[in-house]
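Welcome! Here is a short briefing to read alongside the sequence and the 3D view.

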Amino acid sequence: MNKLTDEILNKYIDGELEPFELAEVKNEIEKNDEALARLKALLLVDSSLKQMEVEQAPISITEKVMKAISSASKAVKPKVSYFFVTIITLFSIGVLGIIVAAFKPIDNGNDQLTAVPYVDKAKELIGKNLIEFQNFFSNKNVLLVVSILTLILLITAYLTFEAHKSFKNKLKSIT
Amino acid sequence: MRHLSDIEIIESIKRGNASDFSLLINRYKDRAFSLLKRILKNEQDAEEALQDSFLKTFNGLKDFRKDAQFSTWLYKIVFNTGLTVLSSKKRKIEQEMSSIDEEFDLGNYDNEIYGTTENVRQYILKMVDKLPVRGALVVILFYMDGLSLNEISQVMGTSLVNTKVLLHRSRNALKDLLLKHNYQEEML
């Protein structure tokens with residue numbers, strides 16, 4: 001070791017020197033007052049810095065951050081399912097379209113507007129379908145199946161309603 | 001009450017107990033504030049940056065990996081937030097932070113501080129604030145927060161070698177001042 005550089009002295013105070021290097025440094029320091037002074041100054045810097053005190057953050061900081069987190073989470077809108085809204089809207093538009101088409105006045109060539117032909121057609125169509133509908137449900141087997149399905153549907157609806165009611169009560173008791 | 005580890009608190013927050021984040025704030029706010037005050041040299045800016053840092057930390061918790069050290073991750077956010085605020089205030093941050101070849105000559109501040117301090121410890125601690133930002137931060141993270149050089153290099157995004165060079169340069173700059181005033185004689 002030719003010269004005790006600052007780098008070596010820094011390694012010395014950090015305990016990064018090999019045993020043989022450490023022995024050389026100690027030997028060199030005994031003979032070199034200038035190197036000893038530098039080492040002493042570095043040790044003084046090291047010990048002073050070890051006594052650095054942590055500064056106190058403002059007391060209100062925790063409250064401020066938690067408040068910001070809370071208001072940010074409230075600002076997030078719950079996800080809305082638009083599936084049923086879309087279906088109902090489309091259905092309503094469809095029904096509205098049929099009604100408008102049925103009652104739309106037509107030009108009969110004599111500048112006389114009338115909705116009668118469409119109304120007659122609609123009556124005829126409904127009457128025909130109503131007869132087919134009555135024939136279908138006059139079958140005993142069909143009636144049995146429909147009755148069972150209706151019963152199942154009613155029971156399911158009742159159970160769902162009860163479950164929803166008890167969940168609402170539970171939620172109320174928590175909050 | 002049992003002392004919860006950082007990871008246990010984070011797991012609890014991820015399960016929906018957002019209020020547990022206050023435990024992490026209380027655990028790290030003073031150290032993070034000390035670091036920010038050193039970067040920004042202004043109490044109000046440091047407080048705002050601290051608040052911003054914790055909000056960023058909370059929002060990033062979902063991406064936090066269990067195998068990482070929370071304190072290192074948090075200090076990195078604090079460090080980067082501090083630099084962003086500093087940069088927005090146009091304090092020549094790019095020139096100051098782009099390399100480790102910063103000006104470690106503290107002679108300009110020496111006369112002013114030497115005349116107003118009572119002892120060597122006070123003198124050194126005041127001179128730390130006059131070190132170039134990176135040098136001061138390495139000193140703070142190493143001595144005050146007890147981070148290893150490896151952790152500091154992760155926080156500051158510098159190589160391990162450069163981090164060590166910064167620490168040595170900071171100590172040497174302070175050492176030179178002590179030699180100038182013969183403070184080493186106080187060392188038995």
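Buried area is the accessible area (1.4 Å probe) that two parts lose on being put together, summed over both. Between chain A and chain B, this area is about 3,700 Å², and carbon and sulfur atoms give 69% of it. Please keep in mind that this is a predicted model: local features need pLDDT of at least 70, side-chain atom pairs count only at pLDDT 80 or more, and totals for chains, interfaces and linings use all residues. Residues are numbered from 1 along each chain as its sequence is written, chains are lettered from A and ligands numbered from 1 in the order in which they are written, and side-chain values use heavy atoms, with hydrogens and water left out.

**Chain A**

- Chain A has seven helices and two strands, taken as DSSP runs numbered from the N terminus (helices: H or I, at least four residues; strands: E, at least two).
- Along the sequence, these elements follow the pattern α-α-α-α-α-β-β-α-α.
- Chain A has 175 residues, and 16% of them count as buried (under 20% relative accessible area; exposed is over 50%, partly exposed in between; 1.4 Å probe, protein chains only).

**Where the chains meet**

- The contact (heavy atoms within 4.5 Å) takes 35 residues from chain A and 40 residues from chain B.
- L49(A), M52(A) and E55(A) supply 18% of the area that chain A buries against chain B, more than any other three residues.
- The interface has eight salt bridges, each a side-chain nitrogen of Lys or Arg within 4 Å of a carboxyl oxygen of Asp or Glu.
- In one salt bridge, the side chains of E55(A) and K37(B) come together at 2.7 Å, N to O.
- On the side of chain A that touches chain B, α1 (6-13), α3 (33-49) and α4 (61-75) each supply at least two residues.
- The largest share of that side, eleven residues, belongs to α3(A).
- By class, that side has 18 nonpolar, six polar and eleven charged residues (nonpolar: Ala, Val, Leu, Ile, Met, Phe, Trp, Tyr, Cys and Pro; charged: Asp, Glu, Lys and Arg; polar: the others, Gly among them).

**A residue in chain B**

- S12(B) sits in helix α1 (residues 6-14) of chain B.
- S12(B) counts as buried because its relative accessibility is 7%.
- Apart from neighbours within four places in sequence, S12(B) is in contact with N17(B) and D20(B).
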